[in-house]
Structures are given as structure tokens and as C-alpha cells.
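Welcome, and keep your viewer open beside this text. We will go from one selection to the next, starting with a pocket and then moving on to charged pairs.

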Amino acid sequence: MSTPPPHLMIVEARFYEDLADQLVAGTIAEIEARGATYERFAVPGAFEIPAAIRLGLEARGPNGHRFDGFVALGCVIRGETSHYDYVCSESSRGLMDLATGHGAAIGFGILTTENWEQAWKRAAVADGNKGRDAAIACLSIIGLRRAFALSAPRLVSG
């Protein structure tokens, strides 16, 4: 029996829509090139991404888990207040907790930059698109899970 292609949940923070569009385009191109499938979900900002992925871990499909992995996309640009630090650290921590505590395969594509120019350079499909890199990372962890014959992500109470 052949293994079905990975099915991913893309969670995109839409706070900077032009950057989000570029990140998503790179992500989708890589997912499709590798024969995987996906569903897209939008949230307002990077802070909401871990909660959305947590909900995705609970989602069920016809064969059990709805998603094999998750791609987190967004951008946080430093401003004049400490808000940047809180959003960056808490969204990163939330995603790491889901990856290590629940076994979620997560591709981290949340840009944390000093300014818009740095963000654009990391988001643009024609430049250093980190959405593509996040898709590669997610699919890599799914590949490891399958190589070790482990089940899909699990939701642990507590």
C-alpha cells in the first residue's frame, strides 16, 4: 500500500499582506513541486499562528489526522516599542512547544526583521523566499516521521 502525499496546513499572518502573498507563493510552489497538498488559513498576525496550528492538530480528516504538517508564515518588523520582542519570542516559543511537545512537523516561516526592506528581501519569490524554506523544513520533518514509522502529530492534554 502506498503512502499518501503529505497534506499541510499553511497558516499565514496577513498583517503585511504584500509580504504574506510572497511567502505563500513560495510555499505553495514548493509544496506542489514535491507532490504534497495543502489548505490555507489566514490569521491577523504572527502572534495568532501557534493557536491556529494548535487547532489544526485537533482537526480530523477521513483517515484520522487532517494534517501531516504545518507551515507558519508571517512577518514581524521592529518598531519603536518592545511589542516586537514579545510577538517574536512568544510566537516562536508557541511553535516550538507544539513541535517538541506534540510532535508537530512545523516549517518556521515567520520573518523577524529590522525594517521593511529586510522583510521584502526574505519574502520575495524572486529573492530569498523563506516560505519555500519553511515548506522544505516541514516536509523534511514529515519525511523523518515516516522513516521512523511514527504516527501523525498527537495532541497531548495538559
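Start by selecting Pro4, Asn63, His65, Asp68 and Arg146: among the 21 residues that line the largest pocket, these lie nearest its centre. A pocket here is an open set of points on a 1 Å grid over the protein atoms alone, where a 1.4 Å probe fits, with protein on both sides within 12 Å along at least five of seven lines; lining residues have an atom within 4 Å of a point. You are looking at a predicted model, in which local features need pLDDT of at least 70 and side-chain atom pairs count only at pLDDT 80 or more, while totals for chains, interfaces and linings use all residues. Residues are numbered from 1 along each chain as its sequence is written, and side-chain values use heavy atoms, with hydrogens and water left out.

Stay with the pocket and show its surface. Its volume is about 530 Å³, taken as the space filled by probe spheres set on the grid points, which are joined across faces, edges and corners. Next, colour helix 5 (130-147), which gives the largest share of the lining, three residues. Strand 4 and helix 5 each supply at least two lining residues. Helices (H or I, at least four residues) and strands (E, at least two) are DSSP runs, numbered from the N terminus.

Now turn to the charges. The structure holds 14 salt bridges, each a side-chain nitrogen of Lys or Arg within 4 Å of a carboxyl oxygen of Asp or Glu.

Select Arg66 and Glu39, whose closest N and O atoms are 2.4 Å apart in a salt bridge. This pair links distant parts of the chain, 27 residues apart: Arg66 sits in the loop between strand 4 (64-65) and strand 5 (69-77), and Glu39 in strand 2 (residues 37-43). Arg66 is partly exposed at 32% relative accessibility, and so is Glu39, at 21%. Partly exposed falls between buried (under 20% relative accessible area) and exposed (over 50%), using a 1.4 Å probe and protein chains only.

Move on to Glu114 and Arg78, a salt bridge with its closest N and O atoms 3.0 Å apart. Here Glu114 lies in the loop between strand 6 (106-113) and helix 4 (116-123), and Arg78 in the loop between strand 5 and helix 3 (83-102), 36 residues apart. Then select Glu30, Arg34, Lys130, Arg132 and Asp133, which salt bridges with shared partners join into one network.

For a last stop, pick Arg14 and Glu12, whose side chains meet in a salt bridge (2.8 Å, N to O). Glu12 is buried, with a relative accessible area of 3%.
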